[in-house]
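Me: I have a model open and want to learn to read it. Could you take me through it feature by feature?

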Amino acid sequence: MNTIVISIKGVSYQYPEQESLALNNVSLDVYKGEWLAIVGHNGSGKSTLAKMLNGLHYPSKGTVMIGGYALNEENVWSIREKLGMVFQNPDNQFVGTTVQDDVAFGLENNGVEHGVMQERVFASLEKVGMTAFLNQEPHHLSGGQKQRVAIAGVIALRPDIILLDEATSMLDPLGREEVMNTVRELNEKEGLTVISITHDLEEAAKADRVIVLNEGRLYTEGTPQSIFQLDRELLNLGLGVPFAVQMSQLLADAGLQLSQRHFNEEELVSELWTLNFKM
Ligand SMILES: Nc1ncnc2c1ncn2[C@@H]1O[C@H](COP(=O)(O)OP(=O)(O)OP(=O)(O)O)[C@@H](O)[C@H]1O
């Protein structure tokens, strides 16, 4: 995991007519094949960073390199081939009248030959477990299914990096799990580099590495384990530690040693279930 696919150096960004910086001297690297979560309270700069990585904003100061290209107007289309985005609202992302038309849209725009396009559409839908819905109209799907189709549309274009900008925040718990499992498979089996921008720390717990933004600055970074140990500091930043982490800590304080620190309720319950309590 040592190849750098994104390098951000000393980046600042200021919106016109805003006094404070939306991004303030941010430096970070993203490594090939990792799953990086970027978390932060409202207004911490997450969306500004996501938009920058998609070439919608250019740094006021500093440099961004993505897949070997410097971020500038000349390279923006090459960069968008390397980095695909999935956005928050599943309903705003559809352009096709059927699932397969939708996934084919980007390929058609890129002039991919018909036979190749059909193969890629099918393969992409297979990777997200949606081949049974080829001819369905997208608006008949659940939120989680819609986001999986959106992901298929992105991976059909074969990017190296996928950026999920709050892609699960409008979904119910089942939809969230569906999307997260899909992303995990793409990350593990296909080696896709994943950046997930989220305010949900339970989701961030699934990442290899977490970056915390606060008021436009990189506050800290580390494994989910090390970030959750910040506990009260996270609360001060407006970020809640997941319930399972707090509960595991309370149980440990009360003398109940669990085999590991659990990040979600299902894992915690499945261990607690196996324990025999002496009354
Ligand atoms: N289009 C805009 N014009 C002016 N200021 C903006 C604009 N978008 C964001 N900002 C400001 O930039 C700062 C960072 O906002 P940003 O949306 O990047 O944060 P965020 O972490 O994504 O927040 P949220 O979780 O609420 O989306 C905030 O102070 C915000 O008010």
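Me: Which residue is the bridge partner of Leu 36 in β8?
Reply: In β8, Leu 36 has Ile 195 as its bridge partner. Some ground rules come next. This is a predicted model: local features need pLDDT of at least 70, side-chain atom pairs count only at pLDDT 80 or more, and totals for chains, interfaces and linings use all residues. Residues are numbered from 1 along each chain as its sequence is written. Helices (H or I, at least four residues) and strands (E, at least two) are DSSP runs, numbered from the N terminus. Two strands pair if DSSP finds at least two bridges between them.

Me: In which sense do β3 and β8 pair, and over how many bridges?
Reply: Parallel, over 5 bridges. β3 covers residues 35-40 and β8 residues 193-198. Trp 35 stands opposite Val 194 in β8.

Me: Which strand order does the sheet with 6 strands have?
Reply: The order is β6-β7-β8-β3-β9-β10. This sheet is open, and its pairing is mixed. β6 (83-86) and β10 (217-222) are the edges with a single partner strand each, so one side of each has no neighbour in the sheet. Neighbouring strands are turned by 20° against each other on average, direction ignored. For such angles, axes are lines fitted to C-alpha atoms, for helices over the stretch in contact, and the values run from 0 to 180 degrees between N-to-C directions.

Me: Which helix lies across β3, β6, β7, β8 and β9?
Reply: Helix α1 (residues 46-53), running at about 150° to β7 (161-165). α5 also packs on the sheet, touching β6 and β7, and its direction makes about 165° with that of β6. Contact here means that the C-beta atoms of two residues, placed from the backbone, lie within 7 Å.

Me: Which residues touch the most other members of the largest nonpolar core?
Reply: In soluble globular proteins, nonpolar side chains tend to be buried together. A nonpolar core is a set of buried Ala, Val, Leu, Ile, Met, Phe, Trp, Tyr and Cys residues joined through C-beta atoms within 7 Å. Here the largest has 72 residues, and Leu 36, Ile 38, Ala 152 and Leu 163 touch the most other members. α5 gives the most to this core, with 6 residues. Not counting residues up to four places away in sequence, Leu 163 touches Ala 50, Leu 53, Leu 83, Met 85 and Ile 195.

Me: Which helix gives the largest share of the shell around the ligand?
Reply: α1, with 3 residues. A residue belongs to the shell if its C-beta atom, placed from the backbone, lies within 6 Å of the molecule. Among those around the ligand are Tyr 15, Gln 18, Gly 45, Lys 46, Ser 47, Thr 48 and His 199.

Me: And the other sheet: in what order do its 4 strands run?
Reply: β2-β1-β4-β5, open, with antiparallel pairing. The edge strands are β2 (23-31) and β5 (69-70), and each pairs on one side only. 2 bridges join β4 (residues 61-66) to β5. Met 65 has Ala 70 as its bridge partner.

Notes
A residue is buried if 20 or more other C-beta atoms lie within 10 Å of its own, exposed if 12 or fewer, and partly exposed in between; C-beta atoms are placed from the backbone.
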